[in-house]
Amino acid sequence: MLDKLLPNPVRYAGAGPFLLTCLLLLGPLVIVPMAWSAVRDRIVAVINTEVITQTELEEEVNDVKSQARQRFTGSELERRLRQIDYMGINRMIERKLQIQIAKRRGIKVTDEEVKDAIARLRRLGESPNENDPKELASIKDQLTALRIINQQVRSSLMVSDEEMRRFYEQHQERFLLPPEVRISQILSALGPGSEMLQVREKAQRLYAVLRKGESFEELAAQYSEGPEARRGGSLGFVRLGDILPQIQNAIQGLSPDQVSEPIASPLGMHIIRVDERKPAQYRPYEEVREDIRNAVFQLKSEDAYQAWIKDLKDQSYIEVRL
């Protein structure tokens, strides 16, 4: 990701003659402070006329580094920390470039929009501190960057039906529905005052009556102790893997209209009838059309963003001093 960032302290190859002239004129602004900033706060990157300091980088990557220190040691930890630094500084460089171009284009984010963003974050379970000026500034920068990306990258993207069809054909595993089975049950529940032996005997009596040809629906409505009793015991379609392992194993070889022997579980005793089996199948294209449109748009957005940010870097002066 940092293939365009040349190591300390080489000029970034994309800088044009005009920019170089400006940098020569502004040289003291960048170079002279290095003597005293090394003591106070070292500069780790220069992006056009702005800088990123060591403190800012540490704030960016502190949480990720803390996690790395809990998982790794020795040379592997050192390698991970260097990688985190480079990924973090690249993120910050891209953000700086986005904010710079947004400012040049007059894009502004209001305090009201920041408040709305904080409210949305809270609904998502986040807890931003609206009394922290740094956090508010960070949210404002993120909104500004998002707005310039939407304007410069996403606004012109279109998704054709041909692209959607191709995505559907190439990623069909994403639209595969697992096998399902429609079942009904008669539950003899294991309650606080009951014993498993009594529950088992009750289930065996009901199973014997079923074997004589009594209606499953009528017995379920009268004797089942689950909420499905009022529906004649119907549990509807369930995915294999979403039901209790004991029940799944017991009904594995049953055909439609066949009834299992009583099955023990922590809930009590179950008598299960298999009503219908639905094999694994692909969701129809028309049913997942909007999901596909969103997925293709996201992929195109990422490709377009990478091309846009590369072009932005090529036109900028970037120096990394890690």
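**Close-up views of a predicted model**

**View 1. The sheet β2-β1-β9.** Here three strands make an open sheet in the order β2-β1-β9, with antiparallel pairing. Strands and helices are DSSP runs numbered from the N terminus (E, at least two residues, for strands; H or I, at least four, for helices), and two strands pair if DSSP finds at least two bridges between them. This is a predicted model, where local features need pLDDT of at least 70, side-chain atom pairs count only at pLDDT 80 or more, and totals for chains, interfaces and linings use all residues. Residues are numbered from 1 along each chain as its sequence is written, and side-chain values use heavy atoms, with hydrogens and water left out.

View 2. In the β2-β1-β9 sheet, the edge strands are β2 (50–53) and β9 (318–320), each pairing on one side only. Neighbouring strands here are turned by 20 degrees against each other on average, direction ignored. Look for β1 (residues 43–47), which pairs with β9 in the antiparallel sense over three bridges; Ala45 has Val320 in β9 as its bridge partner. Helix α4 (residues 54–71) packs on this sheet and touches β1 and β2, its direction making about 60 degrees with that of β2. Contact means heavy atoms within 4.5 Å, and angles run from 0 to 180 degrees between N-to-C directions, with axes fitted to C-alpha atoms (for helices, over the stretch in contact).

**View 3. The sheet β5-β4-β7-β6.** Four strands line up as an open sheet in this order, and the pairing is antiparallel. Its edge strands are β5 (234–239) and β6 (263–265), and each pairs on one side only. Neighbouring strands are turned by 45 degrees against each other on average, direction ignored. Between β6 and β7 (residues 268–278) there are three bridges in the antiparallel sense, and Ser265 is partnered with Gly268 of β7.

**View 4. Helices over β4 and β7.** Helix α9 (residues 196–211) lies across β4 (180–189), β6 and β7, and runs at about 40 degrees to β7. Helix α10 (residues 216–223) packs on the sheet too, touching β4 and β7, with its direction at about 45 degrees to that of β4.

**View 5. Where α5 meets α7.** Helices α5 (residues 74–104) and α7 (residues 133–154) pack at about 70 degrees, their axes 9 Å apart. That makes α5 roughly perpendicular to α7 (the label covers 65 to 115 degrees). On the α5 side you'll find Gln98, Ile99, Ile101 and Ala102, which meet α7 residues including Asp141, Thr144 and Ile148.

Conventions
Parallel < 35°, antiparallel > 145°, perpendicular 65-115°, else oblique.
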